[in-house]
Amino acid sequence: MSKPVLEILGLHKKFKEIEVLKGVDLEMEPGDVVSVIGSSGSGKTTMLRCVNLLEDFEQGSIRIDGEEIGYTAAPQRRRRKESEIARQRSMTGMVFQQFNLFPHLSALGNVTLGLTKVKQLPKAEATAIAERWLERVGMAERRNHYPGQLSGGQQQRVAIARAIAMNPKVMLFDEVTSALDPELVNEVLNVIKSLAADGMTMLLVTHEMKFAYEVSRRVVFMNQGRIEEQGAPEAVFHNPQSKRLADFLKNAKF
Amino acid sequence: MLDFTRFFVEIYPARWAILEGVGMTLVISFLSIVLGTILGIGVALSLVYGGRVQRFAVRAFLEYVRGTPVFVLILACYYLLSQLVQLTPFQAGLIALTVFCSSHVGENLRGALLALPRGQTEAAKAIGLTFRQTFVYVLAPQALRQALPAWINTASELVKASTLLSVIGVVELMLTTRQIIARNFMSLEFYCLAGIIYFLISFSIERLGRRVERRIALPS
Ligand SMILES: Nc1ncnc2c1ncn2[C@@H]1O[C@H](COP(=O)(O)OP(=O)(O)OP(=O)(O)O)[C@@H](O)[C@H]1O
Ligand SMILES: [Mg+2]
């Protein structure tokens, strides 16, 4: 067994009074592809955002490649400095439901920004890396287009290139196809599949059950802030143990 | 009515004075726009990202400035501020217009920053940009684009507001015009001339602004 690249231990998160994550544990090895399914409001997005340090959390710890992120290790648990947090954020790549491309930058500019400003690579090198990734997601010819000139599916592919070009340890995908027109969903899913096949470690939240079934090594079912059940896709989809998962699958679309 | 023959006779000796007046109007407007914009960026940053105390203080300053006629602001700078430090009319006027400009720019930019989708900040953070980098490379370029039309408007407001500096003795176009009229009594003609010049300045600012706007517009 190789060392885990992502470890989530006893993660608790509250919004004001309401506890949204009630102790989540999850481990991923390099090359793992884990899909997170679960009904609306179960805390899937919140978990991803905690891993990307976009949310603070009150309890538990998250480690990436053994490094405790966001907070200094207990018992003197303290939020890390902004610059430290920024660096740790770049260890994970996040792709959002709403793409969130920078509208004032071209596709290429979107991808190179992090490379030149965070990684401080020389412009030529950053451009070479960015072009390689844009090529990989099938957006090479449109590298000089602006987000406003691209379809949703194309924007999302650029967003994937932007995240993965930073060479993160884990890629996080939060329902990246739910804002897309149905005919554009597949082009994005295919890109994700091919990245998975290349051994990229990925944690994806999705409502596309068929896709989760095909792409994942493991499927995690979240319910009311907890991981209720997890296992190989065959087991989770064909042989659910809990009634809640069975009910959820009955209503889910495939 | 307008006496053109005499006007052309009278305008000749006044030509340098008028040019100097126009020059002063342009210089003081330009300086106050530049300084006011810099200060305004500070105002917007404090309002959006500042702590409680800072926000409250800047908000109070803003409410005060925006609730005061520019004319009063100018008089206050000249008569009150000069109790504390020695100020020439030019300096007092520049301070008043700068403060006036900063209040508009600050409010405008604050709105533009707050209107940006939260996803922009999050996407920037997600790739590891620091707060500062996020602001400089992601938020500011978008907010400034948003704020440009209102900023152009502020600039031409400022040129018009500069006429009020004539009361504290800044020899800009308005005061120059009055001085000329005091000599030749051709008020109608020379006020018309001043009006046309102010119109041309404002018009040029608008045109230039629209050009810049088109130039930086995002392709879609
Ligand atoms: N910023 C916030 N402030 C307060 N409550 C929040 C906030 N974000 C999420 N929540 C709440 O936390 C709970 C979990 O939300 P989350 O977005 O993680 O669910 P999800 O599993 O991603 O759902 P969906 O499938 O609809 O995306 C929900 O009850 C939601 O209302
Ligand atoms: Mg969600």
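An oxygen atom of ligand 1 lies 3.2 Å from a side-chain N or O atom of A:Glu175 in this predicted model. A polar contact here is a pair of N or O atoms within 3.5 Å; within protein, one must be able to donate a hydrogen and the other to accept it, and residues adjacent in sequence count only if both atoms are side-chain atoms. Taken alone, ligand 1 exposes 630 Å², and the protein buries 58% of that. Accessible areas come from the Shrake-Rupley method with a 1.4 Å probe; for residues, only the protein chains shown count as cover.

Residues are numbered from 1 along each chain as its sequence is written, while chains are lettered from A and ligands numbered from 1 in the order in which they are written. Because the model is predicted, local features need pLDDT of at least 70 and side-chain atom pairs count only at pLDDT 80 or more, whereas totals for chains, interfaces and linings use all residues; side-chain values use heavy atoms, with hydrogens and water left out.

Two further distances involve oxygen atoms of ligand 1. One is 2.5 Å, to an N or O atom in the side chain of A:Ser40. Another is 2.8 Å, to a polar backbone atom of A:Gly41. The residues around the ligand (a heavy atom within 4 Å) include A:Phe15, A:Val20, A:Lys44, A:Thr45 and A:His207. By class, this shell has two nonpolar, eight polar and two charged residues. Ala, Val, Leu, Ile, Met, Phe, Trp, Tyr, Cys and Pro count as nonpolar, Asp, Glu, Lys and Arg as charged, and the others, Gly among them, as polar. Helix 1 of chain A (residues 44-51) gives the largest share of the shell, three residues. Helices (H or I, at least four residues) and strands (E, at least two) are DSSP runs, numbered from the N terminus.

Chain B has eight helices and zero strands. Its C-alpha trace spans about 70 × 50 × 25 Å along the principal axes.

In the interface, 22 residues of chain B contact 24 residues of chain A, with contact meaning heavy atoms within 4.5 Å. The two chains bury about 2000 Å² between them, 66% of it on carbon and sulfur atoms. Buried area is the accessible area (1.4 Å probe) lost on putting two parts together, summed over both. One salt bridge crosses the interface. It joins the side chains of A:Arg49 and B:Glu122 at 2.8 Å, N to O. The rule requires a side-chain nitrogen of Lys or Arg within 4 Å of a carboxyl oxygen of Asp or Glu.
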